[in-house]
Amino acid sequence: MRMRIGPRLHGPRIDGCPAPFPFPVPTPALAPPSVAVIGAGPAGLMAAETLALAGVPVDVYDAMPSAGRKFLLAGKGGLNLTHAEPAPAFVSRYRERAGVLAPLLDRFGSQALREWARALGVETFVGSSGRVFPVDMKAAPLLRAWMHRLRQQGVRFHMRWRWTGWADDGALGFETPSGAQQARPAATVLALGGASWARLGSDGAWVPWLRASGVDVRELEPANCGFDVGWSAHFSTRHAGAPLKTVAIEWDEPDEGVGADASFVAPAGDVDRGTGRGAAFAAIGPPVRRRQKGEFVVTATGVEGSLVYAASAALRQTLAQQGQATFHLDLLPGREAAFVAAEVARPRGSRSLATHLKSRLGLDGVKMGLLHECLPREAMADPVALARAIKALPLTVRRCRPLDEAISTAGGVRFEALATAPQTPLMLQARPGVFCAGEMLDWEAPTGGYLLTACFATGRAAGAGAADWWRRCAAGGTPEPV
Ligand SMILES: Cc1cc2nc3c(=O)[nH]c(=O)nc-3n(C[C@H](O)[C@H](O)[C@H](O)COP(=O)(O)OP(=O)(O)OC[C@H]3O[C@@H](n4cnc5c(N)ncnc54)[C@H](O)[C@@H]3O)c2cc1C
């Protein structure tokens with residue numbers, strides 16, 4: 001159906017805009033041309049809010065029946081919204097993307113996020129590790145209040161509208177409950193997420209469509225993921241599901257430009273770089289040994305959990321280069337190596353080794369199981385080798401768990417594919433007027449609230465860029481593509 005045209009919006013065809021003004025828009029019949037936001041996760045909703053606050057009509061499309069499904073899942077783990085550490089340390093968590101994300105996080109970082117949540121009636125608190133959570137540790141009340149405010153701001157939602165790519169004339173194609181539909185917005189924000197937990201909506205189907213448009217997209221890979229070790233059936237049957245509490249791991253961080261545009265500062269309380277707390281990454285050089293205390297879980301096939309996720313980027317990179325990756329597990333991080341060696345070497349008389357280690361060092365259950373699983377019989381019988389293994393047991397991982405199981409996604413739209421002009425942040429060079437936000441961009445970060453914070457910050461920036469684009473289209477100007 002051809003749209004009727006409101007007089008104020010008449011104008012010539014504008015280079016860089018997807019169609020002449022005014023554009024046909026899907027709903028309602030006489031609506032002015034809007035900005036389309038595809039993806040109603042945290043990044044897309046933040047882009048929509050930024051647009052609405054700028055007075056821009058916004059249509060949000062999502063393939064799922066309701067918004068923010070992954071955000072709600074994050075709430076099941078307490079919703080770690082952000083982190084309270086100082087800005088330099090915070091920004092360094094984005095590794096080689098720290099430099100490019102820093103200005104966006106300056107504009108909407110940890111403190112701004114907490115104030116934004118407060119304005120929605122959700123108070124936050126800083127946990128002992130510096131992580132920030134809503135007081136009630138839930139995502140649903142925050143999302144509910146946010147959706148209510150977005151609707152009041154005039155944001156229109158089109159749920160069960162699955163974007164299927166661009167038509168030859170640049171129109172957005174959708175599969176909807178009422179059949180195929182098209183939209184020709186003034187600008188588009190893509191906030192399609194990564195490709196983990198596909199059943200919640202983000203499936204990475206967009207990758208080939210963007211590549212076909214000439215957008216450079218790095219292969220999507222699991223981030224904050226578990227790993228397969230290949231346990232024996234004996235060990236797996238007995239210990240799958242067992243938590244390894246208050247252990248420490250050490251791993252080598254391949255230095256592939258990490259810190260090239262920002263120095264890494266270890267966050268207080270949980271990371272020791274081996275070279276001293278707070279030491280900076282060398283810009284380029286040999287791998288950096290890192291050490292972190294925490295917990296993880298033994299699974300039927302390997303390992304997963306927050307401590308493993310912290311090392312996952314490095315382990316994934318080493319796996320890709322070498323086919324396997326090893327980290328060292330300290331089963332007793334609270335005990336000095338000399339103390340452990342002395343206790344292990346103490347004569348045990350007729351007591352079994354298991355009883356001896358349990359009574360002298362409190363080692364039992366899955367920790368003892370791991371020693372038996374990973375050490376040859378001779379090493380178990382050698383007090384020096386055994387004591388060394390208790391403090392640094394090598395665990396070799398063979399592959400990442402599948403992307404669908406991961407907490408987040410590495411890879412995505414490369415920042416080099418984005419325009420560099422300040423008024424068009426996060427806009428695709430290959431598709432002027434199309435902006436990207438959230439996890440579909442090529443950055444990664446550990447758990448700790450850094451994922452959501454970057455999604456919100458990039459959503460904010462993409463929304464601001466799209467609002468500016470819309471304004472220039474509406475003024476009849478020709479937006480600068482880059
Ligand atoms: C178990 C779990 C716990 C987590 N806990 C935390 C936490 O505590 N703290 C933290 O910082 N992060 C956490 N995360 C990560 C965080 O949830 C994500 O980084 C964040 O949701 C990504 O936001 P996004 O808006 O980029 O993408 P998403 O939230 O994935 O949203 C993308 C949206 O796009 C839609 N979409 C995709 N393709 C299409 C299409 N073709 N057409 C229409 N719509 C489409 C999807 O349906 C979805 O609604 C957790 C993740 C998981 C899996």
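This is a predicted model: local features need pLDDT of at least 70, side-chain atom pairs count only at pLDDT 80 or more; totals for chains, interfaces and linings use all residues.

Reply: Residues are numbered from 1 along each chain as its sequence is written.

Me: What makes valine 126 partly exposed?

Reply: A residue is buried if 20 or more other C-beta atoms, placed from the backbone, lie within 10 Å of its own, exposed if 12 or fewer, and partly exposed in between. Valine 126 has 15 C-beta neighbours inside 10 Å and therefore counts as partly exposed. In the protein chain, of 482 residues, 48% count as buried.

Me: Which residues does valine 126 touch, not counting residues up to four places away in sequence?

Reply: Contact requires that the C-beta atoms of two residues, placed from the backbone, lie within 7 Å. With residues up to four places away in sequence set aside, valine 126 touches Ala84 and Val132. Its C-alpha atom is separated by 9.8 Å from that of glutamate 85, 41 residues apart along the chain. Among contacts in the chain between residues at least 6 apart in sequence, 72% join residues at least 24 apart.

Me: Why is one side of E3 and of E4 left without a neighbour in the sheet?

Reply: Strands (E, at least two residues) and helices (H or I, at least four) are DSSP runs, numbered from the N terminus. Valine 126 is found in strand E4, residues 124-126. Two strands pair if DSSP finds at least two bridges between them. The open sheet has three strands in the order E3-E5-E4, with antiparallel pairing. E3 (82-83) and E4 stand at the edges with a single partner strand each, so one side of each has no neighbour in the sheet.

Me: How many bridges join E8 to E7, and how many join E8 to E9?

Reply: Four bridges join E7 to E8 (residues 172-176), and five join E8 to E9 (residues 179-183); both pairs run antiparallel. Glycine 173 in E8 is the bridge partner of glycine 165 and stands opposite glutamine 182 in E9. E7 and E8 form a hairpin with five residues between them, and glycine 170 in that turn has a positive phi of about 90°. The hairpin of E8 and E9 has two residues between the strands.

Me: What describes the packing of H1 and H15?

Reply: Two packed helices are described by the angle between their axes and the distance between the axes. Axes are lines fitted to C-alpha atoms, for helices over the stretch in contact, and angles run from 0 to 180 degrees between N-to-C directions. H1 and H15 pack at about 35°, with axes 7 Å apart. The residues of their contact divide into 13 nonpolar, five polar and one charged, where Ala, Val, Leu, Ile, Met, Phe, Trp, Tyr, Cys and Pro count as nonpolar, Asp, Glu, Lys and Arg as charged, and the others, Gly among them, as polar.

Me: Which helix gives the most to the shell around the ligand?

Reply: H2 gives the most, with five residues. By class, that shell has 21 nonpolar, 12 polar and five charged residues.
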